Amino acid sequence: MLWYRETEQKLFEILETSNHGLSKPEVTQRQKEYGLNQVAAKKDSIWKVIFEPFANAFVAVLLAAAIVSLISHEKLDAIIIGIIVIINAIIFYTQHYATLRVLRSLKKHSESRVRVLRDGQSVTISSIQLVPGDIITLDEGGRIPADVRIIHTDMIQVDESALTGESVPVRKHASTLNSEKQIYEQDNMAFQGTYVLNGSATALVVATGIRTEFGKIADLASGEHDKSPVQAKIDRLISLLIKIIGGVVVLVFMLSMYRGIPLGEAVRFVLSLAVSAVPEGLPVALTVIIVLGMRRMAKKHALVRSFKAIEDVGLITTIATDKTGTLTKNHLTVIEHWNSDDSIDTLQSAHHTIDTSASQIDPLDIAIYENVPRKTAAPSRVYPFDVALRMSGAYFAHEKALYIKGSPEHVLSASATTKTIYHKAESIMHEMASKGYRVIAVAKLDAVEKAPEDLSVLHKKPQFLGFVAFADELRPDTARAVKAAHAAGIDVKMITGDHYETAFNITKAVGIAEHPSQVMLGSDLPKDAVALQEAVRTHSVFARILPEDKYRILQSLKETEITAMTGDGANDVPALASAHVGFAMGSGNDIARDAGDIVLLKDSFSTIIQAIAEGRKIYDNIRRMLFFLLSTTLGEVITMVGALIFGLPLPVTAIQILWVNLVTDTAMVLPLGLEPAEEGNMKRPPRRPNEPLLSRLLLSRMIFVASAIAIVVLAAVFTLNADGYTTPEIQTVAFMALIAAQWVNALNARSEYVSAFRRVKTMNKGLGIGFLVAFSLQMLVMFGPLAHVFHIQPVAISTLLLWAALSGAAVLFAGELHKLILNKKAPK
């Protein structure tokens, strides 16, 4: 319904109301029909939160391994795996609760009190009780509680930046508009969630709840969201791992049958092998590392609401940012001023027009006051902004002077000036406007004996003094942060509801755009998806963009990029919810914070860059952890299969493998997840969106290292078997050799490209502590009270040390050789 095109009488007919407001029975009936006046972004159900830590491929594999253990009558294995899954879920729930607690503390009460006409009487009610057809009063400083049509106004001025992205206040009127208008052109409408800066109005409620413009925006954000790119990569890796394990199990079972091993024993063996091939410690390690990353980011004023966001933020290739409140402070400031004569102080004269006694001061007046904080005597009379004249002013009896400010065109044409000054002023005015500035003109009328009734009955033309230009103030660190993003290979685009000129000048100042051709207006956005994708690729700035347009741009970007969106208003909500990572400003609307994945407690674009740097480190550490765990696991599998092929005794028992996977792996893998970022972490391009979690380089290194582990352990088994050692003694030595290989492999995993000997210079205290924990526990198993549990037999220390040293040296040599041979290629 185009409410702005209807007359007041027609509106009353459509909404079946009158100047006396609605009756109590009518209100009751409409509340049943329309519901409460509430809007909220879609939230996850309690059941989704409960099942989320279990809803991934890796936990499914662990649960399958637990079932296999039960079938194999290995109850201890099943219990340990079950405990791991539960610990993982508990950590998730704890972090989720902590995040919600902080968000609740940030919440602003969207419910307010509003004056409404009911049964001809003015009453004050809760805003959530409003229904279409209500007549309400809008006062200075108040939040507009519903979408309303203005039917009477007393110089009302509204801040619509939360909805349109435009930081300049909008004056409203009650007249009917004849042609179709965009939301930012509907000057006789006011919308839910915006604010009255000054003045007042009587308005007719035309839409409430989800039927408001806010509600439509929230509905755009309520669709199903794509799976996290990192989670998708992990799921693909786990799917591949399952296929490999399945193939190995079939191969081992066939080999067991070929060697004549009894069926029951062969089944138990292949099931144990399947369980051993799963790195059980990985889910807990990933969860702990992500939670610690979330805590570190919180210290940097970025509250991460979901695990998905912390995983994906390091992969971001494009940042689509709003202007107001993100690149800028959403605070107007005086940028420049021009005096028509050197003897004139235009700013000081503009300061005379400010009514500092008003309860709500116009943002332009605030900007003037902040730039000219000199005290001025109170005016004898103040003239509020006159919509017809496009001027306001103040009279000073002791000076006998009237100061005027207003629309530059109207003030200039109404002033007395020479032709030369007039043409010069016109040129300056157009130059300021072309930069996207909000411009006002200032004039002064001297020798005024008595204050006029209004500004339209002046006895002569005032003297033209000059112009004052305003703009939304840039955040001081924005340009530096944009430069850092570009250095990291991240593209930055600005999407705003503001004007073309303003959008270009802001982005030029911060380094996003260099030429006006990089700016596209919302009215020029192609409807065709292919054409839109090309437009999005070739433009850096999008101006006069509506919320649904912003959503379409984000959807197009997501086709080829890992995209982050920043915003603070309701107009940003669909895009925030659609982006791979949504950054919401902590000072923004509740609905925007609900839609964002990360809430920036410190409203600064630079915080986003810090979050990306942290995300890249976490992503790289996830790769390190996977390499470490999977190379060790692969080494165990190759060792077991090799022993079967060559007719050797099994190198380790099932419980020894479980110890390797759970205790030693976990003690070493957690510190790897806390590894400091490598040098140049934010100087390299982001990883390609379709790049697998483990590159070919890392996969080949895994095979290289795993083969080294298997060769040394099998050599130990073969040698000791030939020397007459018993199977438990052989397993004791092989067990120790496997553990030593793991310890050394952690050094290989510390860097993808840098030698372990060079990487030692970068301190990781956690790795040292992890090694001490793992070493101490291993000594308890080898020589302490746990020896009998793990079937450890007395073996000469020299034998243990020999094979442990050979195993560690082989793993380190394999890793270093692989880096030396293949790291000539640049990082991909």
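Predicted model: local features only at pLDDT ≥ 70, side-chain atom pairs only at ≥ 80, totals over all residues.
**Gln 778**

I started with Gln 778 and asked: buried or exposed? At 0% relative accessibility, Gln 778 counts as buried (buried means under 20% relative accessible area, exposed over 50%, partly exposed in between, with a 1.4 Å probe and protein chains only). Gln 778 is found in helix α27 (helices are DSSP runs of H or I with at least four residues, strands are runs of E with at least two, both numbered from the N terminus).

Residues are numbered from 1 along each chain as its sequence is written, and side-chain values use heavy atoms, with hydrogens and water left out.

Leaving out residues up to four places away in sequence, Gln 778 touches Trp 659, Thr 664, Phe 735, Met 736, Ile 739 and Trp 743.

**α25 against α27**

Next I looked at how these two helices pack. Two packed helices are described by the angle between their axes and the distance between the axes. The axes of α25 and α27 come within 11 Å and cross at roughly 175 degrees (axes are lines fitted to C-alpha atoms, for helices over the stretch in contact, and angles run from 0 to 180 degrees between N-to-C directions). That makes α25 roughly antiparallel to α27 (under 35 degrees is roughly parallel, over 145 roughly antiparallel, 65 to 115 roughly perpendicular, the rest oblique). On the α25 side I listed Thr 732, Phe 735, Met 736, Ile 739, Trp 743, Ala 746 and Leu 747, which meet Leu 767, Phe 771, Ala 774, Phe 775, Gln 778, Val 781 and Met 782 in α27.

**α22 against α25**

α25 also packs on helix α22 (residues 605-645), at an angle of about 150 degrees and with the axes 10 Å apart. So α22 is roughly antiparallel to α25.

**Aromatic pairs**

How many aromatic pairs does a search of the whole structure find? I got eight (rings of Phe, Tyr and Trp, the last by its six-membered ring, pair if their centres lie within 6.5 Å; planes under 30 degrees apart count as stacked, over 60 as edge-to-face and the rest as tilted). Trp 338 and Phe 467 are a stacked pair, 5.8 Å centre to centre with 25 degrees between the planes. Trp 338 lies in strand β10 (residues 328-339) and Phe 467 in strand β15 (residues 463-474), so the pair ties together parts that are 129 residues apart in sequence. Trp 338 counts as buried at 15% relative accessibility, and Phe 467 counts as buried at 0%.

I went on to Trp 743 and Phe 775: the ring centres are 5.7 Å apart and the planes at 50 degrees, so the pair is tilted. Trp 743 belongs to helix α25 (residues 727-749) and Phe 775 to helix α27 (residues 765-783), so this pair links parts 32 residues apart in sequence. Trp 743 is buried at 12%, whereas Phe 775 is partly exposed at 35%.

I also noted that Trp 338, Phe 464 and Phe 467 form one aromatic cluster.

**Charges over rings**

The charged end of Arg 171 sits over the ring of Phe 385, 3.6 Å from its centre (the test is NZ of Lys or CZ of Arg within 6 Å of the ring centre and within 35 degrees of the ring normal). Arg 544 lies over the face of Tyr 184, at 3.9 Å from the ring centre.

Most residues other than glycine have a negative phi. Asp 119 has a positive one of about 55 degrees, and lies in the loop between β1 (113-118) and β2 (121-126). Lys 400 has a positive phi too, near 55 degrees, and is placed in the loop between β12 (391-396) and β13 (401-406). I have Lys 400 as partly exposed, at 36%.

**Whole chain**

Last, the totals: I get 28 helices and 21 strands in the chain. Of its 828 residues, 55% count as buried.

Definitions and conventions
Contact = heavy atoms within 4.5 Å.
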